Amino acid sequence: MRGWRPATEEALYGPRGFYRRPEGPAGHFRTSVHASPLFAGAVARLLLLVDEALAHPAELAFVDLGAGRGELVDAVLRALPAEAASRARGYAVERAARPVGLDRRIEWLPEPPPGVTGLLFANEWLDNVPVDVVEVDAHGVPRLVLVDAAGTESLGEPVGGADARWLETWWPLTGTPAGPLPAEGLRAEIGLPRDTAWASAVAALGGGLAVAVDYGHSLGARPPFGTLTGFREGRETAPVPDGSCDITAHVALDACALPGGRLLSQRDALRTLGVSGERPSLALASTDPAAYVRALAGAGEAAELTARGGLGDFGWLTQPVGIPNPLPVPPQGPLPETKQPSP
C-alpha cells in the first residue's frame, strides 16, 4: 500500500493512466469548456484585456494548462478578432499525446513554455495534481492514508515535516467542544504539491496573467472529511487508483495564491466578461423569431456556466505577472484578500 499521492499519479498519468485513454476527459465528465462556446468566448475577451495591459506585444501567448484534447485553446484562438489572432500563439500543455487533427498552429507541450507573455489558463488542472490524504486516528494523531489498487485504505505513519506545517497553516484538524484533541476520522488533503505546481506555472510566465479555475474551499470552511472522489462515464464514483476513473479533490485556492493574487467566483468572473444568463426580450420573438431562439439558447448556456450550486461556484484565482490585474473587480468586490502560501 502507498499514499494517495503516488497512487493517483500512476492511476492518472502512468502508462495506462486515465488521462492517457483515447476518449479523453470529455468522455467522462463535463467541464465549462464542454458546456458552452460562451466560456471560450469569455476567455478570449480576457486574453484581449491582457493584450491591452501588455501594450499589444508582437507575440500574444495563450497557454492552456491541462489542455485535455485542446478544445479550449482551439476555441479561444478562433474567437479572437483578426488583428489579435495574427499575433496570437497557442500552447496546449498536457501529458497525453497530441490529438489527431488539432490545428497545427497550436504547440503541444508537456510543460508550460518559459518566458512567454500573455494569458496562462488552467481550467480544472489543479484538482488533478495528486495530493496525499490524512486522517485523524483514535489518539488524535493525523496519519497518512494508505491505499491499494482496489481502493482499500489503511492508516500509515504520522504526518510530519513540511506536510504537517502546511496542515497547521492551511487545514488545521481542530478538536471538538468535547475535548482539545482532533476528532477521530477527520480528514484533509495536503495541498502543498498544488501550491508548488501553481507557483512553478506562474513563474514560467514572462508577463501577463495566470488564472486557475477549480472547485475549491477556503480557510475556515474546509470540508471536515475531505473531498477526494472519482468520476467515470459522467457519474461520481468511489476513487479507485487503477486507471479506470478520474481521481480528483477540491482545491485550497487560497493556499495556492501568491502575493497579489485575487479570488472570485466563476459567476462573477464570467459576468464581468459579458456572460449573462438573462433571458432575451419577448419583443424579439415577434420581430425576429430565429434570433430569439438563438438568444434564448445562449441565455440557457450562460445560466449553466454561472449557476449557483454548479459551475458558477468554481473559484477563479487570478495572478498578474508584471501588469495590473486586467480583470475588473465585480461590483460586489473580490473575495477576501489572499495570503502568501506557507513555506
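Let me start with one term: buried means under 20% relative accessible area. Keep that in mind, and keep in mind that this is a predicted model.

Helix α7 comes first. It covers residues 192–204. Its buried residues are L192, P193, R194, D195, A197, W198, A201, V202 and A204. How far apart are the end C-alpha atoms of α7? They are 19 Å apart. At 1.5 Å a residue, the 13 residues should span 18 Å, so the two values agree.

Now the aromatics. A pair of aromatic rings is described by the distance of the centres and the angle of the planes. In this model there are six aromatic pairs. Take F18 and Y19. Their ring centres are 5.2 Å apart. Their planes stand at 85 degrees, so this pair is edge-to-face; the cut-off for that is over 60 degrees. Buried or exposed? F18 has a relative accessible area of 2%, so F18 is buried. Y19 is at 7%, so Y19 is buried as well.

On to F39 and F121. This aromatic pair is edge-to-face too, with 6.0 Å centre to centre and 70 degrees between the planes. Which parts of the chain does the pair link? F39 sits in helix α3, residues 37–53. F121 sits in strand β5, residues 116–123.

Y13, F18 and Y19 form one aromatic cluster.

Another arginine, R262. You will find R262 in strand β16, residues 262–265. R262 is buried, with a relative accessible area of 15%. Where does its side chain reach? To the backbone oxygen of L327, at 2.7 Å.

Next, strands. Strands of a sheet pair through backbone hydrogen bonds, either parallel or antiparallel. Look at strand β7, residues 142–147. Which strands pair with β7? Among them is β1, residues 2–3, antiparallel over two bridges. There, G3 stands opposite L146. Strand β6, residues 133–136, also pairs with β7, antiparallel over three bridges. V136 stands opposite P142 in that pairing. Then comes β8, residues 153–158, joined to β7 by four bridges and again antiparallel. L146 stands opposite S154 in β8.

Two hairpins follow from this part of the chain. β6 and β7 form one, with five residues between them. In its turn, G140 has a positive phi of about 80 degrees. β7 and β8 form another hairpin, also with five residues between the strands. Here G151 takes a positive phi near 90 degrees.

Last stop, a sheet of three strands. It is open, the order is β14-β13-β15, and the pairing is antiparallel. Which strands are at the edges? β14, 235–237, and β15, 246–248; each pairs on one side only. Neighbouring strands of this sheet are turned by 35 degrees against each other on average, direction ignored. β13, residues 229–232, pairs with β14 over three bridges. Within that pairing, F231 stands opposite E236.

Note on methods: Residues are numbered from 1 along each chain as its sequence is written. Side-chain values use heavy atoms; hydrogens and water are left out. Rings of Phe, Tyr and Trp (its six-membered ring) pair if their centres lie within 6.5 Å; planes under 30 degrees apart count as stacked, over 60 as edge-to-face and the rest as tilted. Buried means under 20% relative accessible area, exposed over 50%, partly exposed in between (1.4 Å probe, protein chains only). Two strands pair if DSSP finds at least two bridges between them. Axes are lines fitted to C-alpha atoms, for helices over the stretch in contact, and angles run from 0 to 180 degrees between N-to-C directions. The expected span of a helix is 1.5 Å times one less than its number of residues. A polar contact is a pair of N or O atoms within 3.5 Å; within protein, one must be able to donate a hydrogen and the other to accept it, and residues adjacent in sequence count only if both atoms are side-chain atoms.
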